[in-house]
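Here are my notes on this one, written as I went through it. Have a look at the structure first, then read the points in order.

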Amino acid sequence: MKFYTEPAKQLPIFVETEVLVVGGGPSGIAAALSAARAGAKTVLMERFGCFGGMITTAGVESVAWWRHKNTVESGGLAKEIEETAKAMGATSPEPQSISQAINAERFKIVADQMLEDAGVDRLLHITAVGVIKEGNQLTGIITESKSGRQVILAKVIIDCTGDADIAAFAGAPFEQPDKDSVMSVTTVFSCSNVNKNRFMADIEVTKPKYGDWGRDEENKNWSYEIDDSCKEMFSPYLGKVFAKGKKAGLVPKEVTLGGSWSTVTEFGDANYMNVVSIPKVDCTDVLDLTRAEIDGRKQALYAIETLRQFQPGFEKATLKNFGMTVGVRESRHIIGRTRLTENDICHQGRYPDSIGIFPEFIDGNGQLKLPLQPHYFHVPFGCMVPQGVENLLVCGRAIDADKFAYATIRNMGCCFVTGEGAGVAAAVSIKDNTPVSAVNIQKVQAVLEGNGVKVF
Ligand SMILES: Cc1cc2nc3c(=O)[nH]c(=O)nc-3n(C[C@H](O)[C@H](O)[C@H](O)COP(=O)(O)OP(=O)(O)OC[C@H]3O[C@@H](n4cnc5c(N)ncnc54)[C@H](O)[C@@H]3O)c2cc1C
């Protein structure tokens, strides 16, 4: 590779704040809301033009599709965000659970409003591209936007980029699955002109269930082990129809389609069609991302043509939209102070530094288990604390977890939990003038409990 040496230059200090949250997805929204509500001057910055992360930019609407009657809830912001979205007309009933599906477009307004009400300073269209470090102390980040290259200084930085960008820039140790084992990425799309009555009538007849996932002979795109407890339960799964499309030559041999539908409106919109999966994509590599976007759009069109020909109710369906970006499931995650493991998820892990809980729900890396029992694990503060860098916490899907536990903690419900815990920890550490890694955890837990979070 050839190199160019960039000349050194002075950068303007654009903003100085107490807490800087980088990345405005589920974890970033929760971190910014909780830090600001706990009294810290807080900035939330996001590289795209809206907050919401995978919800709004990819179109993932099912924030709690795992919720059933005995599921133990995390409370706090996870609950408040879903309820606020409902009160603002930004949800509709999710088809497989007792939860709300979030309307990806309307949620942009919900996030804007909640952040404004909490007094968070919001910045859109601005990307973190580097860090400022004095010894092992992180003191700020370098940003790029249409306003140029600028600096934001902060006492505590919360990395909610999903990809642990800030931790990686700062030299904190992280892990990243190789391309053969990383979860696939998805181009989410929505359709218009769907005949809901015909579609639902067909679903009544075909009765898809979780046990069907990846079971079609000609379309074994997933090898999933489904827990016996949920095999026979209804799942909004589309698989067989794509096997037909392949047989008919509508889907190329090397492409495998299959996955779930979500809300279908009275007006004929089928939102959040999650049936495309592109394997072997490194989401921190611009060439892979380019390939994924282009291949993903092609595959979505194969899917729509197949649905038009073989899925009752979709005969006149047309493409409504693609997600603004390919949906990313997995990339870097930090090696922190504590690692969440398979044992924690499956055997109700307990930690004295818990900042919240999440139910025993496993979806990914070949496993599915719904939280039909009241089992849950503690989320320890230590899984957000990176090694070797001070003043930094990492939240959302980039926390420290083993491959098995990752299939649980990547879920948005758990991302809200880590974001809320990190925001409160940042505010408490600033008030007490202690490094965030050494924050008084009992004080943090007391604030979280006051906010309605189930901490233990
Ligand atoms: C197709 C698909 C289906 C899924 N289905 C479900 C589901 O049904 N239920 C569920 O709970 N979860 C689901 N997930 C997983 C879930 O959406 C993610 O794991 C979750 O959104 C992660 O939240 P996060 O806050 O860590 O990161 P993200 O949601 O990825 O948000 C990160 C934000 O940071 C911004 N950002 C990144 N880098 C920078 C930077 N350098 N500077 C500034 N901003 C930056 C991004 O633009 C983004 O807005 C799904 C994911 C995919 C892709």
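This is a predicted model: local features need pLDDT of at least 70, side-chain atom pairs count only at pLDDT 80 or more; totals for chains, interfaces and linings use all residues.

**Notes on the model**

1. V328 is a buried residue: 23 other C-beta atoms sit within 10 Å of its own. V328 is in the loop between β15 and β16 (333–334). Leaving aside residues up to four places away in sequence, V328 touches G162, V185 and C283. As for K69, 259 residues from V328 along the chain, the two C-alpha atoms are separated by 30 Å.

2. Now the overall picture. The protein chain has twelve helices and 21 strands. Along the principal axes, the C-alpha atoms fill a box of roughly 65 × 55 × 40 Å. Buried residues account for 53% of the 456. If you take the contacts with a separation of 6 or more, 73% of them are between residues 24 or more positions apart.

3. On to the domains. Where they meet, 17 residues of domain 1 are in contact with 19 residues of domain 2. On the domain 1 side of that contact, strand β19 (residues 367–369) gives the most, with three residues. By class, that side has six nonpolar, seven polar and four charged residues.

4. Which residues come nearest to the ligand? They are G23, G25, G53, G327 and G396, out of 39 residues around the ligand. Among the elements that each supply at least two residues of the shell are α1 (26–37), α2 (54–58), β6 (126–134) and α11 (412–432). The shell divides into 15 nonpolar, 17 polar and seven charged residues.

5. Next, the five-stranded sheet. It is open, the strand order is β12-β13-β14-β10-β15, and the pairing is antiparallel. β12 (237–238) and β15 (318–322) stand at the edges with a single partner strand each, so one side of each has no neighbour in the sheet. Strand β14 (residues 270–276) is mostly covered, with seven of its seven residues buried.

6. The pairings in that sheet are worth checking one at a time. β14 pairs with strand β10 (residues 189–192) in the antiparallel sense over two bridges, and F189 stands opposite M273 of β14. Strand β13 (residues 257–260) is also antiparallel to β14, again joined by two bridges; here S260 has N274 as its bridge partner in β14. β12 and β13 are antiparallel over two bridges too, and Y237 has S260 as its partner in β13.

7. Between β11 and β19 the pairing is parallel, over two bridges, and the bridge partner of E225 in β19 is Q367. β19 came up in point 3 as well, as the strand that gives the most to the side of domain 1 that touches domain 2.

8. Finally, two backbone angles to look at. K207 is not a glycine, yet has a positive phi of about 45 degrees. K207 is in the loop between α6 (196–206) and β11. Is K207 buried or exposed? It counts as exposed, because it has 10 C-beta neighbours inside 10 Å and the cut-off for exposed is 12 or fewer.

9. N391 is the other: not a glycine either, with a positive phi of about 70 degrees. The residue lies in the loop between β20 (376–380) and β21 (392–394). N391 is buried, with 23 other C-beta atoms within 10 Å, whereas K207 is exposed.

Definitions and conventions
Residues are numbered from 1 along each chain as its sequence is written. Helices (H or I, at least four residues) and strands (E, at least two) are DSSP runs, numbered from the N terminus. A residue is buried if 20 or more other C-beta atoms lie within 10 Å of its own, exposed if 12 or fewer, and partly exposed in between; C-beta atoms are placed from the backbone. Two residues are in contact if their C-beta atoms, placed from the backbone, lie within 7 Å. A residue is near a molecule or strand if its C-beta atom, placed from the backbone, lies within 6 Å of it. Ala, Val, Leu, Ile, Met, Phe, Trp, Tyr, Cys and Pro count as nonpolar, Asp, Glu, Lys and Arg as charged, and the others, Gly among them, as polar. Two strands pair if DSSP finds at least two bridges between them.
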